[in-house]
Structure formats: C-alpha cells, structure tokens
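I opened a new notebook page for this chain. I wanted to know how its parts pack together and which residues stand out.

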Amino acid sequence: MKREESTIRATILHLLKQRGEGKTICPSEVARAIAGDTRSDWEPWMEPIRNVAAGMADEGRLQITQRGHPVNAATAKGPIRLRLP
C-alpha cells in the first residue's frame, strides 16, 4: 500500500470514529485534514480520497452514501458522504 493511500485510510477512519456511530463525513473533510484549509491544497486530494473510500467500501470497512442511502462509489455522481457500516 502506498503511503498516500495509508494516510487517506487512516484519516478516514480517524474522522469517522471521532464523529461517532451512525454519523457521516464528507471526503473534503478528509482532504482538509490531510492538506489544510486552502482549496488549492486540498482539492487535488479529492479523487484519490474517493478512490480509496471506494476500495474501503468494497472491503466492507465503510459505506458510501448519497442523501442518506448507500450507493456504489463507482457509479455515484456528485457529493457523497462516508460512514462506518
């Protein structure tokens, strides 16, 4: 596993555990936690974060949702949220 991927995985899990059971986070929160609040710094992280989250969902480690309903990360368009299963 690449260092970037392990950083993303660890940050996702940390933020979700911090948020609490049944709660969600936005991938942009993960990007900001890694890269800071300046959009030009965190925005390049969004695609890698979505890709890692999709892999974690495939492993059953988290769920990807839209409007509160689980969705397939590969076909989801627009904003998504992440939550623990």
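**Ground rules.** I am working from a predicted model, where local features need pLDDT of at least 70, side-chain atom pairs count only at pLDDT 80 or more, and totals for chains, interfaces and linings use all residues. Residues are numbered from 1 along each chain as its sequence is written, and side-chain values use heavy atoms, with hydrogens and water left out.

**Core.** I looked up the largest nonpolar core first. It holds 19 residues. A nonpolar core here is a set of buried Ala, Val, Leu, Ile, Met, Phe, Trp, Tyr and Cys residues joined through side-chain atoms within 4.5 Å. Buried means under 20% relative accessible area, exposed over 50%, and partly exposed in between (1.4 Å probe, protein chains only). The residues with the most contacts inside the core are Ile-12, Ile-25, Val-30, Met-56, Leu-62, Ile-64 and Leu-82. At least two core residues come from each of helix H1 (3–19), helix H2 (27–35) and helix H4 (46–58). Helices (H or I, at least four residues) and strands (E, at least two) are DSSP runs, numbered from the N terminus.

I then checked Val-30. Leaving aside neighbours within four places in sequence, Val-30 is in contact (heavy atoms within 4.5 Å) with Ile-8, Thr-11, Ile-12, Leu-15, Ile-25 and Ile-49.

**H1 and H2.** How do H1 and H2 pack? Their angle is about 115°, and their axes are 10 Å apart. Axes are lines fitted to C-alpha atoms, for helices over the stretch in contact, and angles run from 0 to 180 degrees between N-to-C directions. H1 is therefore roughly perpendicular to H2. I noted the scale: under 35 degrees is roughly parallel, over 145 roughly antiparallel, 65 to 115 roughly perpendicular, and the rest oblique.
H1 brings Thr-7, Ile-8, Thr-11, Ile-12, Leu-15 and Arg-19 to the contact, and H2 brings Glu-29, Val-30, Ala-33 and Ile-34. By class, I have six nonpolar, two polar and two charged residues. Ala, Val, Leu, Ile, Met, Phe, Trp, Tyr, Cys and Pro count as nonpolar, Asp, Glu, Lys and Arg as charged, and the others, Gly among them, as polar.

**H1 and H4.** These axes come within 10 Å and cross at roughly 70°. H1 and H4 are therefore roughly perpendicular to each other. From H1 I listed Glu-4, Glu-5, Ile-8, Arg-9, Ile-12 and Leu-13; from H4, Pro-48, Ile-49, Val-52, Ala-53 and Met-56. This contact has eight nonpolar, no polar and three charged residues.

**Thr-65.** Is Thr-65 buried or exposed? Thr-65 is buried, at a relative accessible area of 2%. Thr-65 lies in strand S2. Beyond neighbours within four places in sequence, Thr-65 is in contact with Thr-24, Pro-70, Val-71, Ile-80, Arg-81 and Arg-83.

**Arg-67.** I found Arg-67 in the loop between strand S2 (63–66) and strand S3 (69–70). Arg-67 counts as exposed, at 82% relative accessibility. Its phi is positive, about 55°, although Arg-67 is not a glycine.

**Lys-23.** Lys-23 sits in the loop between H1 and strand S1 (24–25). At 47% relative accessibility, Lys-23 counts as partly exposed. Not counting residues up to four places away in sequence, Lys-23 touches Leu-16, Leu-82 and Arg-83. Lys-23 and Leu-84 are 61 residues apart in sequence and 7.9 Å apart in space, C-alpha to C-alpha.
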